[in-house]
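Please read the briefing below alongside the sequence and the coordinates.

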Amino acid sequence: MHDKTVAQLGAGLRNGEFSSVELTRAFLERIEKHDKTLNSFITVTPELALEQASAADARIKANEATPLTGIPFAHKDIFCTQGIRTSCGSKMLDNFISPYDATVVSQLKSAGIVTLGKTNMDEFAMGSSNETSYYGTVKNPWDTNAVPGGSSGGSAAAVAARLTPVASGTDTGGSIRQPAALCGITGLKPTYGRVSRYGMIAFASSLDQGGPMTRTAEDAAIVLNAMAGFDERDSTSIDKPVPDYSAHLNDSLEGLKIGLPKEYFDEGLDSAVGDAIDASIKEYQKLGAEIVEISLPNTHLAVPTYYVVAPAECSTNLSRFDGVRYGHRCDSPKNLEDLYKRSRGEGFGDEVKRRIMMGTYALSSGYYDAYYLKAQKIRRLISDDFRKAFEKIDLIAGPTAPSVAFNIGEKNEDPVSMYLSDIYTIAANLAGLPAISIPAGFVTDRPVGLQLIGNYFEEARLLGAAHQYQQVTDWHNHHPEGF
Amino acid sequence: MEWEVVIGLEIHAQLATKSKIFSGAATAYGTAPNTQACAVDLGMPGVLPVLNKEAVRMAVKFGTAIDAHIAPRSVFARKNYFYPDLPKGYQISQFELPIVGAGHLDIELEDGSSKRIGVTRAHLEEDAGKSLHEDFHGLTGVDLNRAGTPLLEIVSEPDMRSAKEAVAYMKKIHSLVRYLEICDGNMQEGSFRCDANISMRPKGQKEFGTRAEIKNLNSFRFVERAINIEIERQIDILEEGGTVNQETRLYDSAKNETRSMRSKEEAFDYRYFPDPDLLPVELTSEDIEEIRKTLPELPHQKKERFTNSFGLTAYDAGVLTSSRELADFFENVVISSGNESKLAANWVTGDFMAALNKAGIEITKSPVSAEHLGGMIQRIADNTISGKIAKQVFEAIWNGEGDADTIIEKKGLKQITDSSAIEAIIDEIIANNPAQTEQYRSGKDKLFGFFVGQTMKATQGKANPAQVNSLLKKKLNK
Amino acid sequence: MSLQQSDIEKVAHLARLGIDPADMPEHIKNLSSILDLVDQMNAVDTESVMPMAHPVDTAQRLRPDEVTETDQREQFQAIAPQVEAGLYLVPKVME
């Protein structure tokens, strides 16, 4: 049962092959059995899950089911879930029981999903390896010496290990796509503004976007149908009708123009990963797509720009964690300044502190123009590169990450080397474009991800292209040994 | 040395919206602590701001009323600092691109001339909560009900040269925002408050001196006193050869002194940057025009109309248009009086306002309605009662005894205008006072008043004074 | 670009972050190397480029002025570190 996709499980539930309660029990048992090894969950909610599962069974019986009714689901612990601890991977929020549901959470709830729990993540989504979590490192199910990627590493590992058929993730600079690639699953970052950010604890507000992490593109389409949509509580949410993402999965790729940015295939790319990507491009050619070489000349500036914009925004987004209204508060503060400094000093980990300091520096008087304003200008250049590219092509393809999963601890010493693991994913966030990572092979038994980037609001086209590929390849069906 | 003061004001006006600027929580004053602070106001993790349309409309209304440039595109920015009454650790404000640009208004000076004061800008921002310093075991309590209330910060040019000018400007803005119905102007509740920037320079010098900022002045009287005391303080420093520190000071009304608020040398670095949770506010010229059309008649326009069409003096017109409520009341009195505008102006600015002041009652709570006052004035105009008797009638109306006609009727206050009746009374008085009559007739004119008094006394003040005068003259001069 | 300890102390204070003195050398090293990365931006001339604050090129949507939120103080304060009489308590604020 646990090896089935969301689409298959939905059909099974509606056909009465199994109940949601049975399904939920099966996944809870798998979590119980395997998560000691993986550490992919921060909080498991068995009681809530079984309660929601029996409600879902009643709904299915009453013929009122949506494609997600009764499907077990895990939320990245960045989404506020009412009555459930929402830690954001931080000691700061270890005691934070959210008083409200994120819009995404309530949308999925009303679609009838069953909440298995909250998945592990890099602290406040800052990291590319899940090693910055207060709750410990998550192991990659393909090789437990390897990182699962980050920041949605818990979600990626849990889906890959079949501890949940689907999980939510968020992506600020690659945090859905990079762990999806490193764990061999499908992860979609929608267009900025497509999925509500309300209740998704902010890292960098102009970059953050929630999305589905699933085994297949078909599943991602089903989940995105329930996640996407306008939210009047989010000023940056776009009031644009949501198409049925499942409707165009089988559209032919004949004549589709796919651009390969030459900057994505230079010396920074691991050659074996490059070979896997080349092979997948050949599949697209077989499917009728036309391959065009393009240039995104400012690609090399994406990481530097991102490491100004994201820290600047996060430095002020995280000011609300001050030990006054919720979250960690230091013991017996001497005065107000002591309350702030110790609560925050104790509550945040090193990477979070680093980014807050970097962002504070970039916004501080005398440096604003040289850093923040400069980065905003380069952000425009990077975005313009894409705009020009999409005048000639329909999709961009390339690697999701420059290498397969690295070993735990390998990049801990040097934050910059860690930052460079997001070199191919960050630009889509800066521009606000939708992008997906899908399994595209293995190098030394670790998964490779193929990234497709689409034009604004062309999630349907991305999902179609990913689905077609998954019809002719079976990388997405590989199953990590032992799980 | 002769010194000149340079003053600029930053006025904070709470906008009279029902809900907060970025959340759907209520803005009512005086509710139990933190019961009007929703998840957004509390800065819960994950929450987001959405801008209140009415706040934008009110800001534009203000801008058009002072002939200001309205920005077609304005941007919200985060002003970052840590304080317990600021839940997010930043205040959402406007920095580089405020919604209202440069404008101006005219104030009247004591010598009757007027002076133009420039408004640099006015921007939208959220108010902070309140720290309560009552003792909670040595701790401070924080109430976030006020957090997120919309504020319009109105920044003036450093155009004022005395505390009186500053107060005149502040009163003008106060009257304007109430005319526009964008702020209730309640200074006790903090709906309207100001910070004053004050510096001194030798008279004739062009450059400004170093300024001190006095925070949170919440009455006109305090503004005047705080500025004057600060002027003295700065002059004392300068004359002793010292320098004024650029700092924030607090006015202590009990001690009538200003004192430094933050002794920390720490330079503030607010790290303003565009709030990524909000998009630029865009207004088309049609949007702005539409709002401009909703402007009521403004104080200066009303004043002009009152002098032109009611024939009032500039002074009376100024007093009567100082608040929209008073002007409306006056106009209703004029209507009910049958257009006796001058008499109405005398009564409203005279006895009526004196009675309100004495009782400490706001005009909106006046026990005398405009209709009743107008009705009474009509009876003065048509000679039913004299001006003197009117004072009695007014008092009775104030005490709730009914309208003028009812009171006149009930108390028999109707003026005696029947010449033969008055003549009969006069004849009797002359007959009863032969000595005085003799003296008057032999040239002691002053005694005329005696006869008037006697006549009025005999008629209990109801005789028409003009008739009494002419009849007395006729009879006595015989 | 190489940062000094005083730079770190200044930003840590602005951000109200308590930094363990023992961690200081590590922070100096790491933040300096991040700044080196970021300084790659300087190679580009951006004189005539419009800054981009946001991926969405639309205007702010305005909310009708309606009260939609009800009192949830009890629920919100259930997760607060220290409250009394409906107030959040903090160490004494000096004016």
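The points below are grouped by topic, after a short note on conventions.

This is a predicted model, in which local features need pLDDT of at least 70 and side-chain atom pairs count only at pLDDT 80 or more, whereas totals for chains, interfaces and linings use all residues. Residues are numbered from 1 along each chain as its sequence is written, chains are lettered from A and ligands numbered from 1 in the order in which they are written, and side-chain values use heavy atoms, with hydrogens and water left out.

**Interface of chains C and A**

- The contact (heavy atoms within 4.5 Å) takes 52 residues from chain C and 68 residues from chain A.
- Between them the two chains bury about 5300 Å², 67% of it on carbon and sulfur atoms, where buried area is the accessible area (1.4 Å probe) that two parts lose on being put together, summed over both.
- On the side of chain C, the residues that lose the most area to chain A are C:Met41, C:Met52 and C:Arg61, together 14% of what that side buries.
- The count between chain C and chain A is 1 salt bridge, a term that requires a side-chain nitrogen of Lys or Arg within 4 Å of a carboxyl oxygen of Asp or Glu; A:Arg233 and C:Glu69 meet in a salt bridge at 3.3 Å, N to O.

- Leaving aside neighbours within four places in sequence, A:Tyr284 is in contact with residues including A:Leu253, A:Ile438, A:Leu452 and A:Tyr469.

**Salt bridges across the structure**

- A search of the whole structure finds 54 salt bridges over all chains.
- B:Lys475 counts as buried at 8% relative accessibility, while B:Asp427 is partly exposed at 37%; buried means under 20% relative accessible area, exposed over 50%, and partly exposed in between (1.4 Å probe, protein chains only).
- Salt bridges that share partners join A:Arg197, A:Asp234, B:Arg78, B:Asp275 and B:Asp277 into one network.
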